[in-house]
Amino acid sequence: MEGDRPLECGVTIRSSSVSSDPGVSNRDLGHGGGSGSGRGGNATWNRVVIVGGGIAGSLLAKSIQFHADVVLIDQKEYFEIPWATLRSTVEQPVAEKAIFSHTDYLVNGTVITSSAVDVTETDVITADGRHVTYDYLVIATGHTTTSPRCKRDMIEKFKEANVKMRTSSSVLVIGGGPAGVELASDIASVYPDKKVTLVHSGSRLLGFISRKAGNKALEWLRSKNVDVLLEQSIDLDTISEADGIYMTSAGEAIAADCYYVCVNKRLGSSWLRKSMVLKDSLDIYGQLKVDEHLRVKGRNNIFAIGDIIDVPERKQGMLAQKHAMVAAKNLKQLMKVSNKETKLSKYRPSISITMVSLGKKDAVAELPFTTMSGFLPGLIKTRELFLRRTRKLLGVDHHSGFL
């Protein structure tokens, strides 16, 4: 989009109506919406700083951008639809639709491309030394990632991964959770002639849902000639792709041209453990403790949403979107100057539907009262992985012939 090009990888990316000069600091940004540009010069707007540009943080930023002075702090200049990442590895063109700049949906706010390293009572401190003031703060850092900071580098990474995938005759997938199962099934579906091995330390696949669902996934994978090794692990600290041979904990040697690690990522909360403001708000698992309004307990102006919170429910993108919408409603209410004591919306933990893709046509779905697999649940998720829905939710236009 003309005028919205990145200035440089790793710095603040463009501004629509709010300054995003890569050299700005906290006070240069203007506390409390002081810039007023594009908003009729209204200097009373509250600043909402959102840390984390995953689905929860991005949807919240998009939802309140015309109600506040929004600053989004993310270590990447782009949003990546997380449930399409694995398909992007197998089919690189998917990445073109699953990755787009934060500025494609945040047209009335500031994007700072950096990591947050600390929080004070008034500021968020970033890795590049900025102190960004806030009236309201939202933590949405989810799980840790090692993605490139630049969109172009991420697209290139997927291109390289796809070349490696296409030229490899054998592939090792480590991990039997939803990521490992979906990746192995995608490879088996798109490249049926490749030798695919999946190694999982658990006694069954998809251990976070029912045994029946895990067994259905196992049956599907084995029907596609995927070699599934349960109750075995591989030492991630010693493996090397150059060797081409991977030893399991049971002493079994696996030959593979390339491997993919699909194990649980750590929560993105380690940076808060030294924060004087929020370190005591973390539970023993590193989750932020929130109240029924999704505010960090004991804090009136700090919210947390997405995978990082301690709400007792599965960590899913669909639920993170619900967090964002509740937080958006509450922030809008709180920012009404004459209505500070308003009744806030409550978030109620949800019993969600879980779907895991099995190749390009099938899926296994766990519903509240039954488990099903095959073509029918595949119609719901597998064909385009909710890409259209997510892009529409964030207001990003898509072209005809989407997938």
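In which helix is Leu-60 found? Leu-60 belongs to helix α2 (residues 55–64); helices (H or I, at least four residues) and strands (E, at least two) are DSSP runs numbered from the N terminus. The model is predicted: local features need pLDDT of at least 70 and side-chain atom pairs count only at pLDDT 80 or more, while totals for chains, interfaces and linings use all residues. Residues are numbered from 1 along each chain as its sequence is written, and side-chain values use heavy atoms, with hydrogens and water left out.

**View 1. Surroundings of Leu-60.** Leu-60 has a relative accessible area of 0% and is therefore buried (buried: under 20% relative accessible area; exposed: over 50%; partly exposed in between; 1.4 Å probe, protein chains only).

**View 2. The largest nonpolar core.** Leu-60 and Ile-139 touch the most other members of this core, which has 66 residues (nonpolar core: buried Ala, Val, Leu, Ile, Met, Phe, Trp, Tyr and Cys residues joined through side-chain atoms within 4.5 Å). Helix α8 (residues 317–334) gives the most to this core, eight residues. Apart from this core lies another, of 29 residues, including Leu-198 and Ala-217. Beyond four places in sequence, the contacts of Ile-139 include Trp-271, Leu-288, Phe-303 and Ile-308.

**View 3. Helix α8 and its cover.** The 18 residues of α8 reach 26 Å from first C-alpha to last, close to the 26 Å expected at 1.5 Å a residue (expected span: 1.5 Å times one less than the number of residues). Among the buried residues of α8 are Gln-321, His-323, Asn-330 and Leu-331. The cover over the buried residues of α8 includes β1 (47–51), α2, β9 (136–139), β16 (302–304) and α10 (387–393).

**View 4. Helix α6.** Helix α6 (residues 178–190) has 13 residues and reaches 18 Å between its first and last C-alpha, close to the 18 Å expected at 1.5 Å a residue. Its buried residues include Glu-182, Ser-185 and Asp-186.

**View 5. Phe-375 in helix α9.** Phe-375 lies in helix α9 (residues 375–381). Phe-375 counts as exposed because its relative accessibility is 52%.

Notes: Contact means heavy atoms within 4.5 Å.
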